[in-house]
Amino acid sequence: MSLRLLIVAWFTLLLSACGPEIYALNYTSFVDPAYRARPLAARSVLVMAPTLGLARRQAAEQAMAEVLRESGLVAVSGLDVFPPTRGTPTNQDVLVELRARGLDGAVLLWTTEERVIETRGTRTVTDTETQTVLVNGRPTQIRVERRREVPYTDQTPTAKYAASFMVPAGPTVWTAEATFTGATFDAIAADAGTGAIAKLQQDRVVATPPPAGAAPPPAQPGAGGGGGLILPGLN
C-alpha cells in the first residue's frame, strides 16, 4: 500500500472515531423559517439516495440508516419502498408512501458533480548504493546515498452533494449542499450520507439521540429494516 493510501486510511479511521458530526461540517444548510421556532425533530425517516450508482446508493443509504438507528430512531430504506424493478419514483410517490407508512419525512441525497482532482509535483527520493574504494591500499565497500527528484501525480476523488428533507404534508423544509473528498467515490457516498443525517440532527429537523438509558421510540407502522438503496430521480 502506498504512503498516500495509508494516510487516507488513517484519516478515515480518525474521522470515524470523531462520530457523524465531523461529516456534518462539510454541509451548508438552510431550514425553512416555519420550522425554526418549532423544530420538526422527525423520529421516523425514509432515506433515499437518488442519482447515485448502485454501489454508491447502497453505501449512502446504509450510512444514513445507521446514524438514525444508532440514535434510537426509525429508518426505512428507499429500496424497500421503491424497488428498482418498478421504475423511478416521483415526489408524489414519496409523499404517498410517507403518509401510508406514518413516517415523519424523507431525506433525499444526490450528487451534483463527481471528478478526480490531479495534483502534480516532485518529491525527493533517496537511493543507497554500495561502492568499492581503496582504504589504506585495501578495497573497502562503503554505502553511498544519492538524492534525486522524481515526478508524482496524486488523484483525489471529489464529489459535490445536495440533500433535502420532505414532510408528508408536501413541502421541502430543509436543503443542504456539501463537498467531500475521499479514497473512493463509494466511500465519499457513505460520508455524505452520514453527514446529511448528522446535519439534519444539528438543525433539529431530525431528532437527536435520546438521553442515555432512555427507551427507544416505538417503531412506526411499515418501518421495516433492510439496508437497501434507492432509485435516482427526485429533484
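Helix 6 has 18 residues and reaches 25 Å from its first C-alpha to its last, close to the 26 Å expected at 1.5 Å a residue. In this predicted model, 14 of those 18 residues are buried, so helix 6 is largely enclosed by the rest of the structure. Just after helix 6, arginine 204 takes a positive phi of about 65°.

The chain holds 6 helices and 6 strands. From the N terminus, the order is α-α-β-β-α-β-α-α-β-β-β-α. The chain has 235 residues, and 38% of them count as buried. Its accessible surface comes to about 12,700 Å². Carbon and sulfur atoms account for 54% of that surface. Among contacts between residues at least 6 apart in sequence, 76% join residues at least 24 apart.

The mean pLDDT is 84, and 81% of residues reach 70 or more. Strand 1 (residues 27–31) has the highest confidence, at 98. Helix 1 (residues 3–18) has the lowest, at a mean of 48. Over residues 5–11 the pLDDT stays under 50, and the model gives this stretch 2 contacts beyond four places in sequence. Residues 13–17 also fall below 50, with 3 contacts beyond near neighbours in sequence. Where pLDDT is low, the predicted coordinates should not be read in detail.

The largest nonpolar core contains 37 residues. Tyr27, Leu109, Tyr161, Phe165 and Trp174 have the most contacts inside this core. Two or more residues come from each of strand 1, strand 2, helix 3, strand 4, strand 5 (138–166), strand 6 (172–181) and helix 6. Helix 6 gives the most, with 7 residues. A second, separate core has 15 residues, including Phe82, Val94, Leu98 and Leu108.

Tryptophan 174 shows how these elements meet. Leaving aside residues up to four places away in sequence, tryptophan 174 touches Ser29, Phe30 and Val31, among others. Its partners also include Ala163, Ser164 and Phe165. Further contacts are made with Ala196, Lys199, Leu200, Asp203 and Val205.

The buried residues of helix 3 are Arg57, Ala60, Glu61, Ala63, Met64, Ala65, Val67 and Leu68. An α-helix has 3.6 residues a turn, so residues three or four places apart point the same way. The buried residues of helix 3 pack against strand 2 (44–48), strand 3, helix 4 (78–81), strand 4 (105–135) and helix 6 (185–202).

Serine 71 counts as buried because its relative accessibility is 4%, and the cut-off for burial is under 20%. The side chain of serine 71 makes a polar contact with the side chain of glutamine 201, at 3.0 Å. Just after helix 3, glycine 72 takes a positive phi of about 80°.

Definitions and conventions. Residues are numbered from 1 along each chain as its sequence is written. Side-chain values use heavy atoms; hydrogens and water are left out. Helices (H or I, at least four residues) and strands (E, at least two) are DSSP runs, numbered from the N terminus. Buried means under 20% relative accessible area, exposed over 50%, partly exposed in between (1.4 Å probe, protein chains only). Contact means heavy atoms within 4.5 Å. Accessible areas come from the Shrake-Rupley method with a 1.4 Å probe; for residues, only the protein chains shown count as cover. A polar contact is a pair of N or O atoms within 3.5 Å; within protein, one must be able to donate a hydrogen and the other to accept it, and residues adjacent in sequence count only if both atoms are side-chain atoms. pLDDT is the predictor's confidence in each residue, from 0 to 100. A nonpolar core is a set of buried Ala, Val, Leu, Ile, Met, Phe, Trp, Tyr and Cys residues joined through side-chain atoms within 4.5 Å. The expected span of a helix is 1.5 Å times one less than its number of residues.
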